[in-house]
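Please look over the sequence and the structure before reading the points.

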Amino acid sequence: MRVTVHLFARLRDLAGRQSFTCDVPAGATVADAWHAVVSCHASLEPFGRSISCAVNDDFARMTVTLDDGDEVAFLPPVSGGSGSCP
């Protein structure tokens, strides 16, 4: 089955693209989609323990089962800000 993968921030920069389609087997999970992404973009592998993900615009766990046509988003951890309020 085919899913669309969206990468954000540093993940997008390292992969050199924002989105693409990915073929995964029936019954695949978000984790399986992540492994497919990493197989094409090995530089993303270190983010595997800290990324957030979403399926069809809803935050999801890596154990969520995907359906054909789903959109999966991977987001790296974020930080920043000055630590003070204006």
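Is cysteine 53 buried or exposed? In this predicted model, cysteine 53 is buried, because its relative accessible area is 4% and the cut-off for buried is under 20%.

**Cysteines**
- Zero disulfides turn up in a search of the whole structure.
- Cysteine 40 is in no disulfide; its nearest cysteine sulfur belongs to cysteine 22, 6.6 Å away.
- A relative accessible area of 52% makes cysteine 40 exposed.
- Cysteine 53 is likewise in no disulfide, and the nearest cysteine sulfur, again that of cysteine 22, is 14 Å away.

- In soluble globular proteins, nonpolar side chains tend to be buried together.
- Here the largest nonpolar core holds 23 residues, and Val5, Leu7, Leu11, Trp34, Val37 and Phe74 have the most contacts inside it.
- Two or more residues each come from β1 (2-7), α1 (9-15), β2 (19-23), α2 (30-40), β3 (52-55) and β5 (71-75).
- Helix α2 gives the largest share of this core, six residues.
- Beyond its neighbours within four places in sequence, valine 37 is in contact with Val5, Leu7, Phe20, Leu44 and Phe74.

**Histidine 6**
- Strand β1 contains histidine 6, which is buried at a relative accessible area of 19%.
- Its side chain makes a polar contact of 3.1 Å with the side chain of glutamate 71.
- Setting aside neighbours within four places in sequence, histidine 6 is in contact with Gln18, Ser19, Glu71, Val72, Ala73 and Phe74.

Methods: Residues numbered from 1 in each chain as written. Predicted model: local features only at pLDDT ≥ 70, side-chain atom pairs only at ≥ 80, totals over all residues. Heavy atoms only, no water. Core = buried A, V, L, I, M, F, W, Y, C linked by side-chain atoms within 4.5 Å. Buried < 20%, exposed > 50% of the residue type's maximum accessible area, 1.4 Å probe, protein only. Helix = DSSP H or I, 4+ residues; strand = E, 2+ residues; numbered from the N terminus. Contact = heavy atoms within 4.5 Å. Polar contact = N/O pair within 3.5 Å; in protein donor to acceptor, adjacent residues only side chain to side chain. Disulfide = S-S within 2.5 Å.
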